[in-house]
Amino acid sequence: MSAAYALGDVVTLTGRSLRHVTRSLDTIITTTVMPVAFLLLFVYVFGGAVEAGSATGSYVDYLLPGILLITVATGVSYTAFRLFVDVKGGIVERFASMPVSRAAVLWAHVLTSLVANALSLVIVLVVALAIGFRSGAGALAWLAVAGMLLVFTLALTWVAVIPGLTASSLDGATAFSYPLIFLPFLSSAFVPTSGMPGPVRWFAEHQPVTSIVDTLRALLAEQPVGDDVWVALAWCAALLVVAYVVAVRLFTRKLG
Amino acid sequence: MTTTAAVEITGLTKAYGQHQVLTGVDLTVRAGTVHALLGANGAGKTTLVRILATLLRADDGHVVVAGHDVATHPRLVRETISLTGQFAAVDEILTGRENVSLVARLRHLPTPGAVADELLTTFGLVEAGGRRASTYSGGMRRRLDIAMSLVGRPEVLVLDEPTTGLDPQARHEVWRTVRELAETGTTVLLTTQYLEEAEQLADRVSILHQGTVAAEGTVADLKALLPPAEVTYVEKQPSLEEVFLAVVGTARAGAER
C-alpha cells in the first residue's frame, strides 16, 4: 500500500511543481540567457583569438559542452528557489503533517528540476545549431550525451536541495550556483588546459568539469571517450551520494 | 459532549539545547469540543502543536491523538489530525480550487475535484476558486487554508494562532468558521494569545505558562479562580473595534470579490 501511495504522491507533487514551471516560463528563459550570452560572446568575440587546438570542427563545437554545463548550473538555482519558497511558506510542513511520503516532497522538486533543465538545454542546443554547431554523432552517442547530462543535473539538483532547505534568505538560497557557473572557466570548457600556468592547469585537469566536458566533446565529435567518462561518472556519483545524504539528513532533522 | 479524549498529553517535555520550552504538559482535549491553548508569545504553544502534528519529536512524555501515539504511529496520527499553521500555507501559484484538490489527492481521496468544489462552497470561495491564491486577501487566504485542512474530514483540527495578523473582519470570519466546525462535531484545538478569542470560541481553556499548563477549565471556571467581581458603574464607550466594524461592516456581504 505505502509504496503505491508514495509513488502516487511523487506524481501528484511533481505535477504541482511542474505547474509552477509552466506558469512562470520566464524561469526557463532566464536560465538560458546567460549560457546563450556566453555562447555568442565566445564564438563571435573571443572565438577568433582562441586556439582550441582541434584541427577539425569549429569553435562552437568545442565550446558547446561547457555551455551546456553552465546551463544546468544556472537551472538548478531555481530548484533551490522553489524549495526555499515552499519551506518558508509552510507548504513543506503542511505536506509533512499529512499522510504524504516525505521522500516524495523532495523527489518532486528533483524530478521537476530534471524536466525544467531538459527544456533549457534544448533551447541552448537550438541556438547552438542556429549559429553553426554541427555533430555527426549517432543516436547512441546522443543518448550517452543525454545520460551524462542527466546524471550531472541529478547530482547538482541534490546539491541545490541543501541551500533550498537551509537558507535564511532568497539570495542565500540561490548564491550557491555562482561558483558552479564559473567552475567551467577553470576547465577545458573554453580553452585547452595545456596553455594554462602550472597550478591553474593542475586544478583544471583535476576538477570534475574537465572530465565531463571532455566526455561530452568526444561523444559529439565521434571520438573515443577513453577514461574520461569513468572519471566524469565517478565525480557525478560521488557528488550525488554526498549531496543526497546531506540533503535527506537536513530534511529529516527539520521535520523531527 | 462525550468524555472520550481526542488528544491526550501527559508529562510532555521538550528542550532546544539548554532552553527548556515545555517542562511537563498535561492536557486532555475531549472529542467534539473546542479547546483553546492560551499563552503569551514564546510560551511553547507552537512547539506543542508541532509535536502533535508529528513535525517535532518530544523529549519525554506521551502524546496520543485519537488513540494513536505520535511517537510510535505517526502515520496514523497524520491520517486523523490536520494542522493549520501560523502562516496560511497555501500555494500562491495555484488557484484556490487547485490548492484544495491537491490536498485531496495527497489524502488519497477518490474524487478530489468534487471534494474541492464542496469545500469551496462551504467557505464562500466558489467565485475566487479559479483565481491564483496570491490574489487573495488575508481573510480569504486563511479561509482557504482552513478549507485545505478540512479535506478528508479529519477528527482533530489544530489551528495555530488562526487570527494572528488578520484584520477584525477577517478575524470574525474565522471565528464564525470555527463555530460552524464545532457544530459539526469536529474537535478543534486552537492556540491563541488573545484572551477574547478563547472566551468567544472555547468550551475549555488551558493556560500555558513557562512550559506547563498553569490553569485549565471552562471560561467560567477560570473566572471563578479570581476574587468575585466588584460591581461598579462605568460609562461604556464603544471600543475602536466596534467603531471600525460599524463603519466597514455593512460591506461584509460583498467582502468576497
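Chain A has 11 helices and 0 strands, where helices are DSSP runs of H or I of at least four residues, strands are DSSP runs of E of at least two, and both are numbered from the N terminus. The model is a predicted one, in which local features need pLDDT of at least 70, side-chain atom pairs count only at pLDDT 80 or more, and totals for chains, interfaces and linings use all residues. Residues are numbered from 1 along each chain as its sequence is written, while chains are lettered from A and ligands numbered from 1 in the order in which they are written.

The radius of gyration of chain A is 19 Å, close to the 18 Å that the globule rule gives for 256 residues, so chain A is as compact as a globular protein of that length. Here the radius is taken over C-alpha atoms, and the globule rule is 2.2 Å times the number of residues to the power 0.38. The C-alpha trace of chain A spans about 60 × 35 × 35 Å along its principal axes. Of its 256 residues, 43% are buried, a residue being buried if 20 or more other C-beta atoms, placed from the backbone, lie within 10 Å of its own.

In chain B, 4 strands form an open antiparallel sheet in the order S2-S1-S4-S5; two strands pair if DSSP finds at least two bridges between them. Strand S2 (19-30) and strand S5 (68-69) of chain B stand at the edges with a single partner strand each, so one side of each has no neighbour in the sheet. Strand S1 (residues 5-16) of chain B pairs with S2(B) in the antiparallel sense over 9 bridges, and B:Tyr16 has B:His19 in S2(B) as its bridge partner.

Finally, the two chains meet. The contact takes 20 residues from chain A and 20 residues from chain B, residues being in contact if their C-beta atoms, placed from the backbone, lie within 7 Å. On the side of chain A that touches chain B, helix H1 (2-22) and helix H4 (91-96) of chain A each supply at least two residues, and H1(A) gives the most, with 6 residues.

Definitions and conventions:
Buried ≥ 20, exposed ≤ 12 C-beta atoms within 10 Å, placed from the backbone. Contact = placed C-beta atoms within 7 Å.
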